[in-house]
Amino acid sequence: MIDLRSDTITRPTSGMREAMIEAQVGDDVFGEDPTINALEKKAAAYFGMESAIFCPSGTMTNQIAIRVHTAPHTEVICDEKSHIYLYEGGGIAYNSFASVRLLQGDSGRITAEMVQDNINNPDDVHAPISTLVSLENTMNKGGGCVYDFKEIEKISAVCKDKDLKLHLDGARLFNALVATEDNPKSYGQHFDTISICLSKGLGCPVGSLLLGNKEDIKRARRVRKVLGGGMRQAGFLAAAGIYALDHHIDRLVEDHNRAKSVAEELEGLSFVESVLPVETNIVIFKLADNALSVNFVEKLKQNGILAVPFGKHDVRFVTHLDFNDDMLQDLIVKLKAI
């Protein structure tokens, strides 16, 4: 099977496995796992931030950040397609008792003007207090599209002027950095917290990190404890993260190029109505004649291709570390035969 359901389905490379086996470990709840400590220090430094905390998932790091930055009767401003709203089990309401202001951006990307226009009057008792703005880069539901960093700078300026916190769901931030060649430390200068995922494009088996200043990460450790996120001797997993940061970032361009090749082939097929522009490793296409995506995904499976429905008529492919050029050619042959 050619598995393009997600970039989370990868297996550790031989080099990553070796790094995991040789990892030195300790009890992370006591702060005594040297490999976790090294990963947190390395990731924070990469983005020019003070501190970091290692967690099992990006959902946890996002939810911790929201809990740290909000309180009951406050509001999170984000796009309606945001992962924190659509795919985290209602966690904003359940974990933080916060409200959500949903904006309609460009393929999930909001603007500084939109943020400015949707900040509630803090003296109006009828409305929740706007406290946090959350962006997502790359934007999953937008086909892996990337923010223009100049717009991020403008949004950051609005947040600072209005005393709002700014969080980044950077589950695929490394894909964005490779695509734009932006300086990662520039992100650290504009966001209060950043969530990065190690198990997506970077190929780790488990793990995400939340980055921020020392005080926010200190609070994050308490929230992680409440959520049950202490993992004891998790240095074996952290070693995979260190290896990925050293070896798996630059190669993301290969995933991007293969995704663009897939998109080019799809555009010429009769069962495809349209394909979203491809900037990174996600390909989302709309089926012709209002065909149902769940039925088409089953047809793909029968032809040896795994994908996910991404809406009533949309299908998503995600290229990744375990999808090579031979598989790409095989995929093209199979798609043309449908």
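Author: Gladly! A residue is called buried when its relative accessible area is under 20%, exposed when it is over 50%, and partly exposed in between. Keep in mind that this is a predicted model.

Reader: Why is phenylalanine 47 called buried?

Author: Phenylalanine 47 has 1% relative accessibility, and buried means under 20%, so phenylalanine 47 counts as buried.

Reader: What makes tyrosine 46 partly exposed rather than buried?

Author: Tyrosine 46 has a relative accessibility of 29%.

Reader: Why are the rings of tyrosine 46 and phenylalanine 47 called edge-to-face?

Author: Rings pair if their centres lie within 6.5 Å, and planes over 60 degrees apart count as edge-to-face. Here the centres are 5.2 Å apart and the planes stand at 70°, so the pair is edge-to-face.

Reader: What makes the pair of phenylalanine 149 and tyrosine 187 tilted?

Author: Their planes are 55° apart, with 5.0 Å centre to centre. Stacked needs under 30 degrees and edge-to-face over 60, so the rest count as tilted. Phenylalanine 149 is in helix α7 and tyrosine 187 in helix α9, 38 residues apart.

Reader: How do you know that tyrosine 187 is buried?

Author: The relative accessible area of tyrosine 187 is 0%, and the limit for buried is under 20%, so tyrosine 187 is buried.

Reader: What makes lysine 141 count as lying over the face of phenylalanine 310?

Author: Lysine 141 is 4.6 Å from the ring centre, and the distance cut-off is within 6 Å, together with a limit of 35 degrees from the ring normal. Lysine 141 lies over the face of phenylalanine 310.

Conventions
Residues are numbered from 1 along each chain as its sequence is written. This is a predicted model: local features need pLDDT of at least 70, side-chain atom pairs count only at pLDDT 80 or more; totals for chains, interfaces and linings use all residues. Side-chain values use heavy atoms; hydrogens and water are left out. Rings of Phe, Tyr and Trp (its six-membered ring) pair if their centres lie within 6.5 Å; planes under 30 degrees apart count as stacked, over 60 as edge-to-face and the rest as tilted. Buried means under 20% relative accessible area, exposed over 50%, partly exposed in between (1.4 Å probe, protein chains only). Helices (H or I, at least four residues) and strands (E, at least two) are DSSP runs, numbered from the N terminus.
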